[in-house]
Amino acid sequence: MRVRSARSLIYFGFLAMVMAGGVPGIHAQGVSLVRSGSFEVGPFLGASYGIDKFRFMGGGNVTFAINKYILPYAEYSYFPGIGRTSISAFPGTASTFSADTSFPLSDFHGGVHIRFPIHESPVVPYAVIGLGGLTHFARTITATYTDASGKPAQIQFPVQAGTDFAVNFGGGIRYYVSQRFGVRVEAKGYRPSGGGASPITSTFGKVEFGFFFQLR
């Protein structure tokens with residue numbers, strides 16, 4: 001189910017690009033689509049897997065084209081917390097307890113898109129690399145267990161907020177419907193530092209589909 005949902009997002013993104021190809025754009029008139037000096041805003045929706053389990057996410061970014069190849073950018077993504085229930089054993093015993101928690105994340109980072117224009121084709125592959133922070137929010141974990149008398153009991157303990165340094169990297173494809181508007185599909189991986197009292201220690205990934213609008 002999780003894999004099918006992620007694939008559906010990718011298929012939707014590429015389908016949108018194909019449909020956009022049927023829209024007459026100014027590339028048919030010989031005007032350059034990939035240009036320097038343009039400001040761009042781009043909302044997106046996507047999905048991630050590997051933080052804990054599959055989850056939807058969304059966000060947006062802004063870019064400035066230094067030239068037709070290099071686009072520095074700033075980006076924000078929000079990964080909503082999805083409720084989880086896990087069952088574990090008390091250390092050294094066969095007794096178990098269950099814990100309910102939610103794990104939302106906020107990502108803010110800066111980086112660069114490196115475009116690879118193919119003459120005046122509206123399809124432009126690009127690579128991306130970024131540096132920033134993954135913030136996990138303060139939350140409370142509720143654990144349920146059976147006490148010595150055999151009765152169910154609960155205990156709550158807080159988890160402090162914190163931010164982990166993270167590197168991200170990946171690539172995507174842009175489709176320029178016109179000089180000021182287009183769609184894109186992107187996939188990237190995140191490698192967090194694992195600091196900041198966070199359980200995020202391994203690489204995870206996300207796939208996103210978005211639009212971009214050039215303001216000038």
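Two residues are in contact when heavy atoms of theirs lie within 4.5 Å. By that rule, arginine 35 is in contact with Ala65, Asn67, Lys68, Arg115, Gln179, Arg180, Gln214 and Arg216, leaving aside its neighbours within four places in sequence. The model is predicted.

**The chain as a whole**

- Along the sequence the pattern is α-β-β-β-β-β-β-β-β-β-β-β-β.
- The chain has 216 residues, and 38% of them count as buried.
- Among contacts between residues at least 6 apart in sequence, 64% join residues at least 24 apart.

- Strand 7 (residues 123–136) and strand 10 (residues 162–176) run antiparallel and are joined by 14 bridges.
- Glycine 132 has alanine 166, in strand 10, as its bridge partner.
- Strands of a sheet pair through backbone hydrogen bonds, in either a parallel or an antiparallel way.

- An open sheet is formed by 4 strands in the order 4-5-8-9, with antiparallel pairing.
- Strand 4 (84–89) and strand 9 (152–159) are the edge strands, and each pairs on one side only.
- Neighbouring strands of this sheet are turned against each other by 25° on average, direction ignored.
- Strand 4 is joined to strand 5 (residues 96–101) by 6 bridges, and the two run antiparallel.
- Threonine 85 stands opposite aspartate 100, which belongs to strand 5.

**Arginine 35**

- Arginine 35 sits in the loop between helix 1 (2–20) and strand 1 (39–49).
- This arginine 35 is buried yet has no salt bridge.
- For arginine 35, the nearest side chain of opposite charge is that of glutamate 40, 8.2 Å away.
- The cut-off for a salt bridge is 4 Å between a side-chain nitrogen of Lys or Arg and a carboxyl oxygen of Asp or Glu.
- The side chain of arginine 35 does make a polar contact, at 3.0 Å, with the side chain of glutamine 214.
- Glutamine 214 is also among the residues in contact with arginine 35.

**Salt bridges**

- Side chains of opposite charge can pair when their charged atoms come close.
- The structure holds 7 salt bridges.
- Arginine 184 and glutamate 208 meet through their side chains in a salt bridge (3.1 Å, N to O).
- That pair links distant parts of the chain, with arginine 184 in strand 11 and glutamate 208 in strand 12 (residues 204–214), 24 residues apart.
- Both arginine 184 and glutamate 208 are buried.
- Glutamate 208 also meets lysine 206 in a salt bridge between side chains (3.1 Å, N to O).
- Lysine 206 has a relative accessible area of 2%, so it is buried.
- Glutamate 208 counts as buried because its relative accessible area is 1%.
- Glutamate 186 forms a salt bridge with lysine 188, and their closest N and O atoms are 3.6 Å apart.
- Glutamate 186 is at 1% relative accessibility and therefore counts as buried.
- A network of salt bridges links Glu75, Arg184, Glu186, Lys188, Lys206 and Glu208.

**Lysine 188**

- Lysine 188 lies in strand 11 (residues 181–192).
- Is lysine 188 buried or exposed? Lysine 188 is buried, because its relative accessible area is 5% and the cut-off for buried is under 20%.
- Not counting residues up to four places away in sequence, lysine 188 touches Tyr73, Glu75, His109, Val128, Asn168, Phe169, Gly170, Phe204, Gly205 and Lys206.
- One of these residues, tyrosine 73, makes a side-chain to side-chain polar contact with lysine 188 (3.4 Å).
- Glu75 and Lys206, which lysine 188 touches, are also members of the salt-bridge network.
- Lysine 188 and serine 48 are 140 residues apart in sequence, while the C-alpha to C-alpha distance in space is 9.6 Å.

Notes: Residues are numbered from 1 along each chain as its sequence is written. This is a predicted model: local features need pLDDT of at least 70, side-chain atom pairs count only at pLDDT 80 or more; totals for chains, interfaces and linings use all residues. Side-chain values use heavy atoms; hydrogens and water are left out. Two strands pair if DSSP finds at least two bridges between them. Axes are lines fitted to C-alpha atoms, for helices over the stretch in contact, and angles run from 0 to 180 degrees between N-to-C directions. Buried means under 20% relative accessible area, exposed over 50%, partly exposed in between (1.4 Å probe, protein chains only). A polar contact is a pair of N or O atoms within 3.5 Å; within protein, one must be able to donate a hydrogen and the other to accept it, and residues adjacent in sequence count only if both atoms are side-chain atoms. Lys and Arg count as positive and Asp and Glu as negative; His and the chain ends are not counted.
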